[in-house]
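Biologist: Could you walk me through this one? I'd like to start with the overall layout and then go into details.

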Amino acid sequence: MREKSDKPVNYAGIAIKGLLFHFKPRNAEIEVDGKKYTFKKVWLAPTMHGRFYGGGMNITPAQDRLKCETETCGVLHGSGKLKTLMVFPSIFKGKHVKHTEMFTPLCGNRITVKFDKPTAVQIDGETILGVTEYSIASRAVVKAAKAESDVGWHPENPIRTLFIGIKRRNETDCNAEIRRKLRFLLNFSK
C-alpha cells in the first residue's frame, strides 16, 4: 500500500504518462437523448456538468453549470498518440475545441457512453476499473422524476447529476462497490 503524500496529485503528468506508455484508445458509442454517435480512437470521454476536471483541465469550456441544466460529454477522438500529445496541453486553457476534427462536445439530459473494451473511469477522483458503459441523467431529468414520485426532492439540493449506472465486464448492473461509492449522489433528502 502506498503512503499518503502532502503533494497535490499531478493529473496532467498522469495523463501524459498514460497516453505515452499505457493507454490504448477505445471505440465508443455515445447516446445523447436518444441520438447515437459513434467514435473511433476515443482518448477522453468525460461527461459532466461543469467546465473543469482532473486538476484544471477545461475540457468543456462552453459549459456553464449555473445556467445550464444539461450535461456535456466532451469527446477527444480520432487521432494518433503524437497529435493527441500535441493538442493535450491546450485542454487546460480550453483551446482544444478549435480542433474540431478530434474534439466533439455533446450536450443532453440523458447520456450513455458504451466502450468496445473495458476501460477505467474516474468518478469524483475514484478510479473504477473494467467499465464498459456508464449512464447519467441531468438534474432536470432527476427533478422531473422526483416531482412525479414526490419522494424527498428538495429544489435547493446542490446535486446536478445522477449516475444511473455503470456496467463492468461480465456485469449487468452496478455492483455493491460502485453503489457504495455513489451513495451520496442518490441521497435526495435533507
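**Layout of the chain**

Modeller: Going from the N terminus, the elements of the chain follow the order α-β-β-β-β-β-β-α-β-β-β-α-β-α. That makes four helices and ten strands, and please keep in mind that this is a predicted model.

Biologist: How much of the chain is buried?

Modeller: Of its 190 residues, 41% count as buried. The accessible surface of the chain comes to about 11,700 Å², and carbon and sulfur atoms account for 54% of that surface.

Biologist: And of the contacts between residues at least 6 apart in sequence, what share joins residues at least 24 apart?

Modeller: For the chain that share is 64%.

Biologist: Let's turn to β6. Is that strand mostly covered or mostly open?

Modeller: Strand β6, which spans residues 71-77, is mostly covered, with seven of its seven residues buried. Glu 71, Cys 73, Val 75 and His 77 point one way from the strand, while Thr 72, Gly 74 and Leu 76 point the other way, and the residues of both sets are buried.

Biologist: In which sense does β6 pair with β7, and over how many bridges?

Modeller: β6 and β7 run antiparallel and are joined by six bridges. Within that pairing, Glu 71 stands opposite Gly 108 of β7.

Biologist: What about β2 and β3?

Modeller: β2 pairs with β6 in the antiparallel sense over two bridges, and Leu 44 is found opposite Leu 76 of β6. Strand β3, made of residues 47-48, also pairs with β6 in the antiparallel sense, again over two bridges, and here Met 48 faces Thr 72 of β6.

Biologist: Staying with β2, where does Val 42 sit, and is Val 42 buried or exposed?

Modeller: Val 42 belongs to strand β2, residues 35-44. Its relative accessibility is 3%, so Val 42 counts as buried, given that the limit for buried is under 20%.

Biologist: Which residues is Val 42 in contact with, leaving aside neighbours within four places in sequence?

Modeller: Val 42 is in contact with Phe 23, Pro 25, Arg 26 and Ala 28, and also with Val 75, Leu 76 and His 77.

Biologist: Changing topic, how many salt bridges turn up in the whole structure?

Modeller: A search of the whole structure finds two. In one of them the side chains of Glu 101 and Lys 83 meet, with an N to O distance of 2.9 Å. Glu 101 lies in the loop between α2 (81-87) and β7 (103-108), whereas Lys 83 is in helix α2, so this pair ties together parts that are 18 residues apart in sequence.

Biologist: How accessible are Glu 101 and Lys 83?

Modeller: Glu 101 counts as partly exposed at 46% relative accessibility, and Lys 83 also counts as partly exposed, at 34%.

Biologist: Which side chains make the salt bridge at 3.9 Å?

Modeller: That salt bridge is formed by the side chains of Glu 29 and Lys 36, the 3.9 Å being the distance from N to O. Glu 29 is partly exposed, its relative accessible area being 30%.

Technical notes. Residues are numbered from 1 along each chain as its sequence is written. This is a predicted model: local features need pLDDT of at least 70, side-chain atom pairs count only at pLDDT 80 or more; totals for chains, interfaces and linings use all residues. Side-chain values use heavy atoms; hydrogens and water are left out. A salt bridge is a side-chain nitrogen of Lys or Arg within 4 Å of a carboxyl oxygen of Asp or Glu. Buried means under 20% relative accessible area, exposed over 50%, partly exposed in between (1.4 Å probe, protein chains only). Contact means heavy atoms within 4.5 Å. Two strands pair if DSSP finds at least two bridges between them. Accessible areas come from the Shrake-Rupley method with a 1.4 Å probe; for residues, only the protein chains shown count as cover.
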